[in-house]
Amino acid sequence: LSATQRIAIAKERGNEELSRVFLSTLAAKIMLLISGTLMGFALVITVPSFKEFTKTIFAMYPMVVGTVLTSSWFFQGIGKIRVSAIVTSISKLLVLPFTFVLVKGVEDYDLAAFIQGIAFHSRMRQLYITN
């Protein structure tokens, strides 16, 4: 939660400190992803009412990974949030046609969830490639 502030401070101290804060934050997010994934899968397996939504949970999982890999906190810290905002806006606009064409009714909610999850994951990959 304090990564944006830590990046802003590290930016003034040089690239080595900036890299250290970035990598430690990313490592913490990955550890939380792994532990959260294990707990989430355990809940899906053990809680009977979750079994009904297993497909949807798995369809949304790319969004979880995308959230972990997002670097908007980094761009905010270095003062370049514009890049993140542009990529986010473009990806949201690109997902609309797929949703309208592929999702025909209520029964396609798993597909709609998957489209949203993939779009979010792709957006985060673009941010890393861009910078």
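Read along the sequence, the chain follows the pattern α-α-α-α-α-α-α, with seven helices and zero strands; helices (H or I, at least four residues) and strands (E, at least two) are DSSP runs, numbered from the N terminus. This is a predicted model, in which local features need pLDDT of at least 70 and side-chain atom pairs count only at pLDDT 80 or more, while totals for chains, interfaces and linings use all residues. Residues are numbered from 1 along each chain as its sequence is written, and side-chain values use heavy atoms, with hydrogens and water left out.

**Overall picture**

- Taken along the principal axes, the C-alpha atoms of the chain fill a box of roughly 55 × 35 × 20 Å.
- Of the 131 residues in the chain, 31% are buried, where buried means under 20% relative accessible area, exposed over 50% and partly exposed in between (1.4 Å probe, protein chains only).
- Among contacts in the chain with a separation of 6 or more, 67% come from residues 24 or more positions apart; a contact means heavy atoms within 4.5 Å.

- Helix α1 spans residues 3-13, and A3, I7 and A10 are buried in it.
- These residues cover an arc of only 70 degrees around the axis, which puts them on the same side of α1; the arc is that of the directions from the helix axis to the C-beta atoms.
- As a handy reminder, an α-helix has 3.6 residues a turn, so residues three or four places apart point the same way.
- The buried residues of α1 pack against α2 and α5 (72-78).
- On the face of α1 turned away from its buried side you will find the exposed residues Q5 and E12.
- Just after α1, G14 takes a positive phi of about 115 degrees.

**Aromatic pairs**

- Rings of Phe, Tyr and Trp (its six-membered ring) pair if their centres lie within 6.5 Å; planes under 30 degrees apart count as stacked, over 60 as edge-to-face and the rest as tilted.
- By this rule the count comes to six aromatic pairs.
- One of them joins F41 and Y61 in a tilted arrangement, 5.9 Å centre to centre with 35 degrees between the planes.
- F41 lies in helix α2 (residues 15-46) and Y61 in helix α4 (residues 54-69), so this pair ties together parts that are 20 residues apart in sequence.
- W73 counts as buried at 9% relative accessibility, and F74 counts as buried at 17%.
- Ring pairs link F22, W73, F74 and F75 into a cluster.

**The second largest pocket**

- The volume of the second largest pocket is about 160 Å³.
- Its lining consists of L1, S2, A3, T4, R6, T25, K29, W73 and Q76.
- Helices α1, α2 and α5 each give two or more residues to this lining, and the largest share, three residues, comes from α1.
- By type, the lining residues divide into three nonpolar, four polar and two charged; Ala, Val, Leu, Ile, Met, Phe, Trp, Tyr, Cys and Pro count as nonpolar, Asp, Glu, Lys and Arg as charged, and the others, Gly among them, as polar.
- A pocket is, on a 1 Å grid over the protein atoms alone, an open set of points where a 1.4 Å probe fits, with protein on both sides within 12 Å along at least five of seven lines; lining residues have an atom within 4 Å of a point.
- Grid points are joined across faces, edges and corners, and a volume is the space filled by probe spheres set on the points.
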